[in-house]
Amino acid sequence: MDLDMIDRPSPNFDDRMMPVSMIVLHYTGMPDAEGALNRLTSPEAKVSCHYLIDEDGVIYRLVDEEKRAWHAGKSRWRGISDVNSASVGIELVNPGHEFGYRNFPDEQMASLIPLLADIKDRHGIGRGNIVGHSDVAPARKEDPGELFPWEALARYRLALPSPTRDLIDPFWTDAAFLLALERFGYDVTDEQKAVIAFQRRYRPDLIDGIVDGECRAKLLSLLLPRPQ
(Lines give C-alpha, C1' and ligand atoms only; values in the text may rest on other atoms or scores of the structure.)
Protein backbone atom coordinates (compact mmCIF):
# COMPACT_ATOMS: atom_id res chain seq x y z
CA MET A 1 0.00 0.00 0.00
CA ASP A 2 1.32 3.44 -0.91
CA LEU A 3 0.48 5.89 1.85
CA ASP A 4 1.55 9.50 1.46
CA MET A 5 4.13 10.32 4.09
CA ILE A 6 6.90 12.79 4.75
CA ASP A 7 10.36 11.50 5.59
CA ARG A 8 11.79 13.11 8.73
CA PRO A 9 14.73 10.79 9.53
CA SER A 10 15.74 10.20 13.13
CA PRO A 11 19.26 9.06 14.05
CA ASN A 12 17.87 7.21 17.07
CA PHE A 13 17.74 3.55 16.05
CA ASP A 14 19.77 0.35 15.97
CA ASP A 15 19.36 -3.22 14.72
CA ARG A 16 16.41 -5.42 15.64
CA MET A 17 17.14 -8.57 17.64
CA MET A 18 13.87 -10.32 16.71
CA PRO A 19 11.12 -10.16 14.07
CA VAL A 20 8.25 -7.71 14.31
CA SER A 21 5.28 -9.22 16.18
CA MET A 22 3.53 -6.18 17.68
CA ILE A 23 2.58 -2.54 17.15
CA VAL A 24 2.75 -0.05 20.03
CA LEU A 25 0.65 3.13 19.91
CA HIS A 26 1.69 6.26 21.80
CA TYR A 27 0.67 9.86 22.16
CA THR A 28 3.42 12.46 21.89
CA GLY A 29 2.47 14.18 25.16
CA MET A 30 3.89 17.50 23.95
CA PRO A 31 2.17 20.82 23.12
CA ASP A 32 2.61 20.55 19.34
CA ALA A 33 3.76 18.32 16.50
CA GLU A 34 6.92 20.26 15.63
CA GLY A 35 8.21 20.03 19.20
CA ALA A 36 7.54 16.29 19.18
CA LEU A 37 9.29 15.83 15.82
CA ASN A 38 12.29 17.81 17.04
CA ARG A 39 12.58 15.65 20.14
CA LEU A 40 12.11 12.36 18.27
CA THR A 41 14.87 13.32 15.81
CA SER A 42 17.30 14.80 18.34
CA PRO A 43 20.46 12.74 18.95
CA GLU A 44 20.52 13.98 22.55
CA ALA A 45 16.98 12.79 23.34
CA LYS A 46 17.71 9.17 22.38
CA VAL A 47 14.03 8.53 21.59
CA SER A 48 12.29 7.88 18.29
CA CYS A 49 9.45 6.03 16.61
CA HIS A 50 8.80 4.58 13.18
CA TYR A 51 5.87 6.82 12.33
CA LEU A 52 4.28 9.99 13.71
CA ILE A 53 0.76 11.05 12.71
CA ASP A 54 -0.21 14.70 13.13
CA GLU A 55 -3.71 15.72 14.16
CA ASP A 56 -4.43 16.75 10.55
CA GLY A 57 -3.57 13.23 9.35
CA VAL A 58 -0.13 13.93 7.91
CA ILE A 59 2.15 10.90 8.40
CA TYR A 60 5.87 11.32 9.08
CA ARG A 61 8.31 8.41 8.72
CA LEU A 62 11.22 8.72 11.14
CA VAL A 63 12.81 5.27 11.27
CA ASP A 64 12.75 2.48 8.68
CA GLU A 65 10.63 -0.45 9.86
CA GLU A 66 13.59 -2.81 9.42
CA LYS A 67 15.36 -0.96 12.24
CA ARG A 68 14.69 -0.88 15.99
CA ALA A 69 13.28 2.51 16.99
CA TRP A 70 13.57 3.67 20.60
CA HIS A 71 9.94 4.27 21.57
CA ALA A 72 8.87 1.76 24.24
CA GLY A 73 11.63 2.09 26.85
CA LYS A 74 11.56 -0.38 29.73
CA SER A 75 8.54 -2.46 28.83
CA ARG A 76 7.18 -5.99 28.56
CA TRP A 77 4.38 -7.74 26.70
CA ARG A 78 3.53 -11.42 26.51
CA GLY A 79 6.97 -12.47 27.69
CA ILE A 80 8.90 -10.11 25.41
CA SER A 81 11.06 -7.65 27.34
CA ASP A 82 12.81 -6.09 24.31
CA VAL A 83 9.59 -4.58 23.01
CA ASN A 84 11.50 -2.16 20.79
CA SER A 85 13.05 -5.06 18.87
CA ALA A 86 9.70 -6.76 18.33
CA SER A 87 7.50 -3.77 17.54
CA VAL A 88 6.66 -0.93 15.21
CA GLY A 89 6.12 2.28 17.18
CA ILE A 90 3.53 4.86 16.10
CA GLU A 91 3.26 8.26 17.81
CA LEU A 92 -0.01 10.19 17.60
CA VAL A 93 0.24 13.93 18.11
CA ASN A 94 -1.77 14.75 21.24
CA PRO A 95 -0.84 17.03 24.17
CA GLY A 96 -1.46 14.13 26.55
CA HIS A 97 -2.51 14.26 30.19
CA GLU A 98 0.12 16.89 31.03
CA PHE A 99 -0.70 19.54 28.41
CA GLY A 100 -4.46 19.29 27.81
CA TYR A 101 -5.44 15.76 26.82
CA ARG A 102 -8.08 15.76 24.10
CA ASN A 103 -9.85 13.50 21.63
CA PHE A 104 -7.98 12.12 18.63
CA PRO A 105 -9.35 13.84 15.49
CA ASP A 106 -11.06 11.91 12.71
CA GLU A 107 -8.34 12.98 10.24
CA GLN A 108 -5.68 11.43 12.46
CA MET A 109 -7.58 8.16 12.77
CA ALA A 110 -8.28 8.10 9.03
CA SER A 111 -4.50 7.99 8.48
CA LEU A 112 -3.80 5.57 11.33
CA ILE A 113 -6.25 2.88 10.20
CA PRO A 114 -4.74 2.12 6.75
CA LEU A 115 -1.20 2.42 8.14
CA LEU A 116 -2.02 -0.07 10.91
CA ALA A 117 -3.73 -2.44 8.47
CA ASP A 118 -0.71 -2.35 6.17
CA ILE A 119 1.81 -3.03 8.98
CA LYS A 120 -0.40 -5.75 10.51
CA ASP A 121 -0.77 -7.57 7.19
CA ARG A 122 2.88 -7.32 6.16
CA HIS A 123 4.17 -8.69 9.47
CA GLY A 124 1.30 -11.07 10.22
CA ILE A 125 0.58 -9.39 13.56
CA GLY A 126 -2.34 -10.67 15.66
CA ARG A 127 -4.76 -7.98 16.79
CA GLY A 128 -4.04 -8.86 20.43
CA ASN A 129 -0.52 -7.54 19.84
CA ILE A 130 -1.68 -4.08 18.74
CA VAL A 131 -1.33 -2.34 22.08
CA GLY A 132 -0.85 0.97 23.83
CA HIS A 133 2.30 2.18 25.55
CA SER A 134 0.46 1.87 28.87
CA ASP A 135 -0.21 -1.82 28.12
CA VAL A 136 3.50 -2.61 27.74
CA ALA A 137 4.74 -0.23 30.47
CA PRO A 138 1.85 0.06 32.96
CA ALA A 139 4.01 1.25 35.84
CA ARG A 140 5.33 4.21 33.85
CA LYS A 141 2.94 5.22 31.09
CA GLU A 142 -0.65 6.34 30.49
CA ASP A 143 -0.65 6.76 26.70
CA PRO A 144 -2.43 6.75 24.36
CA GLY A 145 -4.94 7.01 27.20
CA GLU A 146 -8.61 6.55 27.92
CA LEU A 147 -9.79 8.84 25.09
CA PHE A 148 -8.11 6.75 22.41
CA PRO A 149 -10.81 5.12 20.21
CA TRP A 150 -9.80 1.48 20.45
CA GLU A 151 -13.31 0.41 19.46
CA ALA A 152 -12.92 2.16 16.09
CA LEU A 153 -9.82 0.04 15.45
CA ALA A 154 -11.59 -3.09 16.68
CA ARG A 155 -14.31 -2.60 14.05
CA TYR A 156 -11.58 -3.01 11.42
CA ARG A 157 -10.10 -6.00 13.31
CA LEU A 158 -7.06 -3.86 14.10
CA ALA A 159 -7.36 -4.28 17.88
CA LEU A 160 -9.23 -6.47 20.34
CA PRO A 161 -12.67 -5.11 21.21
CA SER A 162 -13.64 -4.65 24.83
CA PRO A 163 -15.94 -7.59 25.65
CA THR A 164 -19.51 -6.51 26.35
CA ARG A 165 -21.73 -9.55 25.65
CA ASP A 166 -22.38 -12.71 27.65
CA LEU A 167 -20.01 -11.60 30.41
CA ILE A 168 -19.62 -14.02 33.31
CA ASP A 169 -17.87 -13.08 36.55
CA PRO A 170 -15.48 -15.93 37.48
CA PHE A 171 -15.21 -14.52 41.04
CA TRP A 172 -11.42 -14.75 41.06
CA THR A 173 -9.52 -13.44 44.05
CA ASP A 174 -7.45 -10.35 43.30
CA ALA A 175 -4.35 -12.57 43.19
CA ALA A 176 -6.02 -14.87 40.66
CA PHE A 177 -7.06 -11.84 38.57
CA LEU A 178 -3.43 -10.68 38.48
CA LEU A 179 -2.27 -14.15 37.42
CA ALA A 180 -4.84 -14.07 34.61
CA LEU A 181 -3.77 -10.53 33.67
CA GLU A 182 -0.17 -11.69 33.45
CA ARG A 183 -1.23 -14.65 31.33
CA PHE A 184 -3.02 -12.26 28.99
CA GLY A 185 0.20 -10.29 28.54
CA TYR A 186 0.61 -7.56 31.15
CA ASP A 187 3.58 -6.98 33.42
CA VAL A 188 1.96 -7.13 36.87
CA THR A 189 5.02 -6.18 38.93
CA ASP A 190 3.19 -3.00 39.99
CA GLU A 191 -0.15 -4.64 40.70
CA GLN A 192 -2.40 -1.58 40.91
CA LYS A 193 -0.80 0.10 37.89
CA ALA A 194 -1.38 -3.10 35.91
CA VAL A 195 -5.08 -3.07 36.87
CA ILE A 196 -5.31 0.62 35.92
CA ALA A 197 -3.68 -0.06 32.54
CA PHE A 198 -6.18 -2.85 31.88
CA GLN A 199 -9.08 -0.56 32.81
CA ARG A 200 -7.72 2.30 30.71
CA ARG A 201 -7.71 -0.03 27.72
CA TYR A 202 -10.84 -2.13 28.27
CA ARG A 203 -13.03 -0.05 30.62
CA PRO A 204 -12.04 3.59 30.12
CA ASP A 205 -15.19 5.02 31.73
CA LEU A 206 -14.10 3.88 35.21
CA ILE A 207 -10.37 3.77 35.98
CA ASP A 208 -10.10 3.23 39.73
CA GLY A 209 -7.53 0.45 40.07
CA ILE A 210 -10.09 -1.74 41.87
CA VAL A 211 -10.69 -5.27 40.61
CA ASP A 212 -14.45 -5.76 40.35
CA GLY A 213 -16.84 -8.18 38.67
CA GLU A 214 -16.84 -6.28 35.39
CA CYS A 215 -13.04 -6.34 35.20
CA ARG A 216 -12.92 -10.04 35.99
CA ALA A 217 -15.62 -10.85 33.44
CA LYS A 218 -13.96 -8.80 30.67
CA LEU A 219 -10.58 -10.42 31.29
CA LEU A 220 -12.09 -13.92 31.33
CA SER A 221 -13.76 -13.19 27.99
CA LEU A 222 -10.47 -11.92 26.53
CA LEU A 223 -8.69 -15.11 27.61
CA LEU A 224 -11.25 -17.44 26.04
CA PRO A 225 -10.49 -18.74 22.54
CA ARG A 226 -11.95 -16.52 19.85
CA PRO A 227 -11.78 -16.28 16.07
CA GLN A 228 -8.76 -14.25 14.95
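**Stop 1: helix H4**

Select residues 106-123: this is helix H4, with 18 residues, and it reaches 26 Å from its first C-alpha to its last, close to the 26 Å expected at 1.5 Å a residue. The expected span is 1.5 Å times one less than the number of residues. Helices (H or I, at least four residues) and strands (E, at least two) are DSSP runs, numbered from the N terminus.

This is a predicted model, in which local features need pLDDT of at least 70 and side-chain atom pairs count only at pLDDT 80 or more, while totals for chains, interfaces and linings use all residues. Residues are numbered from 1 along each chain as its sequence is written, and side-chain values use heavy atoms, with hydrogens and water left out.

Now show the side chains of H4. Its buried residues include Met109, Leu112, Ile113, Leu116 and Ile119, and also Gln108, Asp118 and Lys120. Buried means under 20% relative accessible area, exposed over 50%, and partly exposed in between (1.4 Å probe, protein chains only). What do the buried residues of H4 pack against? They pack against strands E3 (22-27), E4 (51-53), E5 (59-61), E7 (87-92) and E8 (130-132), and against helix H6 (150-155); contact means heavy atoms within 4.5 Å. Just after H4, select glycine 124, which takes a positive phi of about 60°.

**Stop 2: the sheet**

Select the strands in the order E1-E5-E4-E7-E3-E8: these six form an open sheet with mixed pairing. Strand E1 (6-7) and E8 stand at the edges with a single partner strand each, so one side of each has no neighbour in the sheet. Two strands pair if DSSP finds at least two bridges between them. E3 and E7 run parallel and are joined by six bridges. Methionine 22 stands opposite serine 87 in E7.

**Stop 3: aromatic pairs**

The structure holds eleven aromatic pairs. Rings of Phe, Tyr and Trp (its six-membered ring) pair if their centres lie within 6.5 Å; planes under 30 degrees apart count as stacked, over 60 as edge-to-face and the rest as tilted. Select phenylalanine 184 and tyrosine 186, a stacked pair at 6.3 Å centre to centre with 25° between the planes. Phenylalanine 184 is buried at 4% relative accessible area, and tyrosine 186 is buried at 2%. Tyrosine 186 is in the loop between helix H7 (174-184) and helix H8 (191-202), while phenylalanine 198 is in H8, twelve residues apart. Ring pairs link Trp77, Phe177, Phe184, Tyr186, Phe198 and Tyr202 into a cluster.

Next, select arginine 78, which lies over the face of phenylalanine 184 at 5.0 Å from the ring centre. A charge sits over a ring if NZ of Lys or CZ of Arg is within 6 Å of the ring centre and within 35 degrees of the ring normal.

**Stop 4: salt bridges**

A search of the whole structure finds 14 salt bridges, each a side-chain nitrogen of Lys or Arg within 4 Å of a carboxyl oxygen of Asp or Glu. Select lysine 67 and aspartate 15, whose closest N and O atoms are 2.7 Å apart. Lysine 67 lies in strand E6 (residues 67-69) and aspartate 15 in strand E2 (residues 13-15), so the pair ties together parts 52 residues apart in sequence.

Finish at arginine 203, which forms a salt bridge with aspartate 208, the closest N and O atoms being 3.6 Å apart. Arginine 203 is buried at 3% relative accessible area, whereas aspartate 208 is partly exposed at 29%. Salt bridges that share partners join Arg203, Asp208, Asp212 and Glu214 into one network.
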